[in-house]
Amino acid sequence: MNWDWVLFQTLNNLAGRWPLFDRVIQFLMNDYALTTLLSVLVVALWFRSRTAAEREADQTAAIHTIIALLLASAVVKGLNLLFFRLRPFTAHDGVHLLFYHPSDSSLPSNSVTVAFTFAVGVAQRSRRLGAIGIVAGTLLGLSRVIGGVHYPLDVIAGALLGTAAVLLVRRYQRPFSPLVQGIRALARRLLLA
Amino acid sequence: MLKFVSAYLALSYVAFATLVVAGLLQALAARYAIVGFALLDYRPSARRRLVGPLLILTGYAWFFGTRRELLTPGPAGAELVILFGAGVLLALGLTLLGATLLHPYRRAGLAQPQRPAQLRVERASVDSPGEAVLFVPAPADRAAPAICLVPDLRSREGELEGLAGELARQGLVVLLLAWETGRQEYPEALSMVPVAMAVLSRQPFVDAHRLGVVGVNLGGDLALRAAAEDRQIRAVAALAPEMDERNVLLGLGLLHEMTYGEALGWGARGRRRRLIRDLGALQAVERLGPRTALILYGSEDALVPLVTTRARLESSGPAVEVDIVPGESHLSLAASPQVAARLAQWLTTRLGPASPSEEPSAGGVQA
């Protein structure tokens, strides 16, 4: 994993040089800014369509995205039970840390997993929303490396895991059909689907 | 076990998520013309469309500008999903409520078609206890053609007066009906138009050989059915008729046309669906010949699927002209001046020329 460490150092060395740049990275890497933006994309997907057929497809994709999120989160928890990778600021000296000390495993990045689940989930139905999501997910991953809380490999693993979860749910969606139909039927009764 | 860490930060995040989702809903309302979400009327001004993005930016500026705990451990993962979900529900509730409460003020702000100054408007008792409004256009130097105008089941009082006034200004006597409670089921509804026709025929200023019927939404279905049954009706026009019971949506599609409060009552506890099915307007169109029906839909109609409905109507024979009016929705169609002008021209052509005098005058109503 030498390349991982070298790339980490290259990116992390950008931190601590310019206060404004550090503030921007802190804004991007925190738990709320980009994850909220990505969650909003799923809400937009739910409500945006005008015709009944488009609405059904968009809302099915939104529910599949939430199922994929649950699946990806379960896989992350499972991986954390199998092995534990120390965070870069714990494993090495001289890391520029722009964040608090997360205590869970570094690999895979939980927040990037969530980000790419949302991004790829909405990208199935909307290129524009998907592009916004992928840019936001990439910025989140990059900022977390610059900020010193993840190695590049953690971020790549998170992105792959989130993408795989969405594709897996999409490929094997039949068992989820009753759940999807049930949620849509309930929402339709409330005039929200 | 959920750990929100800081109740203060958790509640702040809910407020932030509420503001951001509320902004998103306004942006969607402006972009996709969702009446049920719109706190403002977004059509007249491009600047108003900035309301949604501004709300989102305000949310971000407030949360990230004032919360100093953002870089300390706080709610994350499942806790954050729950808090975001609470924000979505709160934003949705506030938006739907706000749009419902503000909609009457937005509607009042829209320019209403002006009733011609000297037009005579009278209450006319069509059938006890029913009441209709009669618009009489011209001095009775010769009898004028007349139409009865059937509103939708959920039309508000006065909603079609602009259209009725415009048709009267073009020389047509217009009897604007109202749905009585006792006639909101089938087959009782079938008696509405014949009774109105009888009232119109008895008026001294009406030419009983030049009678037509115009219906709006569900009233359009009734108008088509009535014309199929009654050969005395020489012209029939329907504005955004429902045509098929499957078009009675009970879902998000309704919010593209109306507020949440209105949408809850749209189905009228199943009456709308039953009436559409029993009136069978699509089958009625096939029985209209040799007369022609004019059917208009708005290009932005979110309730009736235009492509399939148009194809079904046009395959029902030459007795129907279907036109799509750009920019109008299912519920805005009857208020469009463009539609009123098109309708008046079509009706006067079908029913014969209007009275030559431009000066409207009074006419005694004989119920």
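This is a predicted model: local features need pLDDT of at least 70, side-chain atom pairs count only at pLDDT 80 or more; totals for chains, interfaces and linings use all residues.
**Entry 1: the partner of Asp4(A)**

I looked next for what Asp4(A) pairs with. Its side chain meets that of Arg85(A) in a salt bridge, at 2.8 Å from N to O. The two come from distant parts of the chain: Asp4(A) sits in helix H1 of chain A, Arg85(A) in the loop between H4 and helix H5 (88-91), and 81 residues separate them. I checked the arginine as well, and Arg85(A) counts as buried because its relative accessibility is 14%.

**Entry 2: Arg144(A) and its surroundings**

I moved on to Arg144(A), which I found in helix H7 of chain A. Which residue forms a salt bridge with Arg144(A)? I found Asp31(A), with the closest N and O atoms 2.9 Å apart. This is again a link between distant parts of the chain, 113 residues apart, with Asp31(A) in the loop between helix H2 (19-29) and helix H3 (33-47) of chain A. Arg144(A) is buried, since its relative accessible area is 5%. Asp31(A) is buried too, at 10%. I then listed what else Arg144(A) touches, leaving aside neighbours within four places in sequence: besides Asp31(A), the contacts are Met29(A), Asn30(A), Phe99(A), Ser111(A), Val149(A) and His150(A).

**Entry 3: helix H8 of chain A**

I wanted to see how helix H8 (residues 152-171) of chain A runs and what lies over it. Its 20 residues reach 28 Å from the first C-alpha to the last, close to the 28 Å expected at 1.5 Å a residue. Which residues of H8(A) are buried? I noted Pro152(A), Asp154(A), Val155(A), Gly158(A), Ala159(A), Leu161(A), Gly162(A), Ala165(A), Val166(A) and Val169(A).

**Entry 4: chain B as a whole**

I turned to chain B and began with its overall make-up. I read off 11 helices and 8 strands. Chain B has 367 residues, and 54% of them count as buried. Among its contacts with a separation of 6 or more, 80% are between residues 24 or more positions apart.

**Entry 5: salt bridges, with a look at chain B**

I looked up the total and got 22 salt bridges over all chains. In chain B I picked out Arg225(B) and Glu229(B), whose closest N and O atoms are 2.8 Å apart. Both lie in helix H6 (residues 218-229) of chain B, 4 residues apart, about one turn of the helix. Arg225(B) is buried, with a relative accessible area of 12%, whereas Glu229(B) counts as partly exposed at 49%. I also came across a network of salt bridges that links Glu321(B), Asp323(B), Arg342(B) and Arg350(B).

**Entry 6: Trp62(B)**

I stopped at Trp62(B), which is found in helix H2 of chain B. At 31% relative accessibility, Trp62(B) is partly exposed. Not counting residues up to four places away in sequence, Trp62(B) touches Ser12(B), Ala15(B), Phe16(B) and Arg67(B). I also took one distance: Trp62(B) and Leu19(B) are 43 residues apart in sequence and 9.9 Å apart in space, C-alpha to C-alpha.

**Entry 7: where chain B and chain A meet**

I left the interface for the end. Chain B puts 41 residues into the contact and chain A 29. The area buried between them is about 2900 Å², with 69% of it from carbon and sulfur atoms. How many salt bridges cross the interface of chain B and chain A? I found 0. The count of residue pairs in polar contact there is 9. On the chain B side, the elements that give two or more residues are helix H1 (7-32), helix H2 (51-66), helix H3 (78-109) and helix H7 (260-266). H1(B) has the largest share, 10 residues. By type, the residues on this side divide into 33 nonpolar, 5 polar and 3 charged.

Note on methods: Residues are numbered from 1 along each chain as its sequence is written. Chains are lettered from A and ligands numbered from 1 in the order in which they are written. Side-chain values use heavy atoms; hydrogens and water are left out. Contact means heavy atoms within 4.5 Å. Buried area is the accessible area (1.4 Å probe) that two parts lose on being put together, summed over both. A salt bridge is a side-chain nitrogen of Lys or Arg within 4 Å of a carboxyl oxygen of Asp or Glu. A polar contact is a pair of N or O atoms within 3.5 Å; within protein, one must be able to donate a hydrogen and the other to accept it, and residues adjacent in sequence count only if both atoms are side-chain atoms. Ala, Val, Leu, Ile, Met, Phe, Trp, Tyr, Cys and Pro count as nonpolar, Asp, Glu, Lys and Arg as charged, and the others, Gly among them, as polar. The expected span of a helix is 1.5 Å times one less than its number of residues. Buried means under 20% relative accessible area, exposed over 50%, partly exposed in between (1.4 Å probe, protein chains only).
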